[in-house]
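Please look over the sequence and the structure shown below. The paragraphs that follow walk through a few of its features.

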Amino acid sequence: MSTIATAADSQQPAADEQRQAGERWMPASWLSGWKATPTALLSLGAVTGGGLLGSGFDISGPGSVLQALAVLGLTVGIHELGHFLAAVTRGIHVTKFSIGFGPTLLKWQGKEVEYSLRLLPLGGYVAFPDDDPESPYPADDPDLLRNRSLGDRTAVITAGVLANMALAFAICVVQAGTVGIAEPQYRPGVKLGEIKEATIAGRAGLRQGDVLLQIGDLEVAPEAGSVGKVVDKIKANPGRELLLTVDRQGEMLSIPVTPAPTGSDGSGRIGISLAANADFLRIKPDGPIQTLTLAAAEYADLTGKVVKGLYQFLSNFSDTVSNVSGPVAIVAVGAEVARSNAAGLYQFAALVNINLAVVNILPLPALDGGYLVFIALEALRGGKKLDETLEKGIMAGGFLLLMTAGVSLIIKDTLTLTGLGSMLQ
C-alpha cells in the first residue's frame, strides 16, 4: 500500500510538501501509489493469511535486522525504479527520485532530476512537475505526465508492479541456481514458537520448541495445512478447555488450556505462534533449463499463496483483520528468517515483492490500481478526464486512511514485539 516519504531536508510532512511545491507524485512506497500516493508495508500480514506476528520475535542481532531492511530497501527501490524508467524512457518530465523517507543521507542533482537516498528504507517516490507553479515547463507541454496518452500513463503506473514481479522471479532463479528450492517433508504435529510467560499458553506450561501433536479431538496430521487447522480449533473454542498433547524432546505431556475470547468476534486465543513441523530438502537443478523450471514453479507457488491469502483476508475481513502487520513486524520476520536460515531470505524477498505488486494493483484509492481505475473511466468517457478536484479528493481520502492504518500498525507491532501489549492488557 502506500505512504509518502518526505520530499525535503526540512522533513516537512510529504502532504504539505506536495501541496506547496505543486509536484505530482508517482507511486511511492512505504512498502505504492501515484500522484499523492506511495506504497505501504501494511500488506504482508494480510496476504500471508496467518499473520506475521505470533507471540513476538527476538529482534536482537543487528546483522539480521540490516539484512531484512536491505530486502525492503531493494523492494522499494525496484518498485520506484520501474515507475522512473517507464517515465524517462518515454521522455516524460521527472523532477525527483527518492528511495526511503526521513532525513536525507545522500543527494545528487542531475540535469533535470534530483536523486536522494533517505534514512528509512520503507518508502520512496518519483515526483513529476505537472502542477508545480515554479515549473519551467508550460502547462500544455506534451511531455508532462498528465498530457500524455492513456497508454503512456498506464505504462508508467503499472511499471512498479511489473518491476516487483520481475524481481521476484529473478530472486527465484538465483535461489534455484545457488541454494536450491526447499521442498518440505512434513511430520506429525506443529512446532510452538516463542511463548511469553504472561500468556495463557505460558501459564499453562507450554514452551518454545514443543511439538503439538493433538488438540482436543484434532490429531495434527503431517500436512501443509496443519497450522491453519490448529489455529481454527483454538479460535472455535473460546472459554472451553482443550487438552493438548505435546512432545517435549521425546517426553509426551498432556496440558489443558482454555482459550480466552478476544476480538470483536470473541474467537479464542492462547498466545502462541506456530510453525509447520517439517524438514526441508533442497532440490538443486542439473542445468539452466531445470533451474528455470524450478524457479518458475516456486514463483507460481508463492504468487498463488499471496493471492489466496489476500482473497481469504478480503472475503473474511472481520476474522482476519487482526492478522495484518506493518513494517515493524515485517522487518522482525525478515530478521528472524535471516538468523534461522539465510537461504530463507530468498523466499522472504520474493514474497515481499509479490505481495507489494499484488496489493498495489488492487483498484483502491491511493494505490496503483486506483489510478488505473481513473484511467479506465477516462477511456470509457472517450478520453474526457474526470474532474481533477474529485480525483484528488478521493485519492487524498484513501491516502489518509492508509497513513492512519500504517501508524496504527507500527504501534501495534511495536507493542507486540516488545511484549508491552500483553502488559497493558
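In which helix is the place of G77? G77 sits in helix α3, which covers residues 62–88; helices (H or I, at least four residues) and strands (E, at least two) are DSSP runs, numbered from the N terminus. G77 counts as buried because its relative accessibility is 16%, where buried means under 20% relative accessible area, exposed over 50%, and partly exposed in between (1.4 Å probe, protein chains only). The C-alpha atom of G77 is separated by 9.7 Å from that of A163, although the two residues are 86 apart along the chain.

The model is predicted: local features need pLDDT of at least 70 and side-chain atom pairs count only at pLDDT 80 or more, while totals for chains, interfaces and linings use all residues. Residues are numbered from 1 along each chain as its sequence is written, and side-chain values use heavy atoms, with hydrogens and water left out.

As a whole, the protein has 13 helices and eleven strands. It consists of 425 residues, of which 47% count as buried.

Two elements give two or more residues to the patch, β2 (96–109) and β3 (114–128). β3 gives the most, with three residues. L106 belongs to strand β2, and L106 counts as exposed because its relative accessibility is 55%.

Next comes a helix pair. Helix α7 (residues 288–315) packs against helix α10 (residues 344–360) at an angle of about 50°, and their axes are 10 Å apart. Axes are lines fitted to C-alpha atoms, for helices over the stretch in contact, and angles run from 0 to 180 degrees between N-to-C directions. α7 is therefore oblique to α10: angles under 35 degrees count as roughly parallel, over 145 as roughly antiparallel, 65 to 115 as roughly perpendicular and the rest as oblique.

Finally, Q249 lies in the loop between β7 (242–248) and β8 (251–257). Its phi is near 55°, a positive value in a residue other than glycine. Q249 is exposed because its relative accessible area is 84%.
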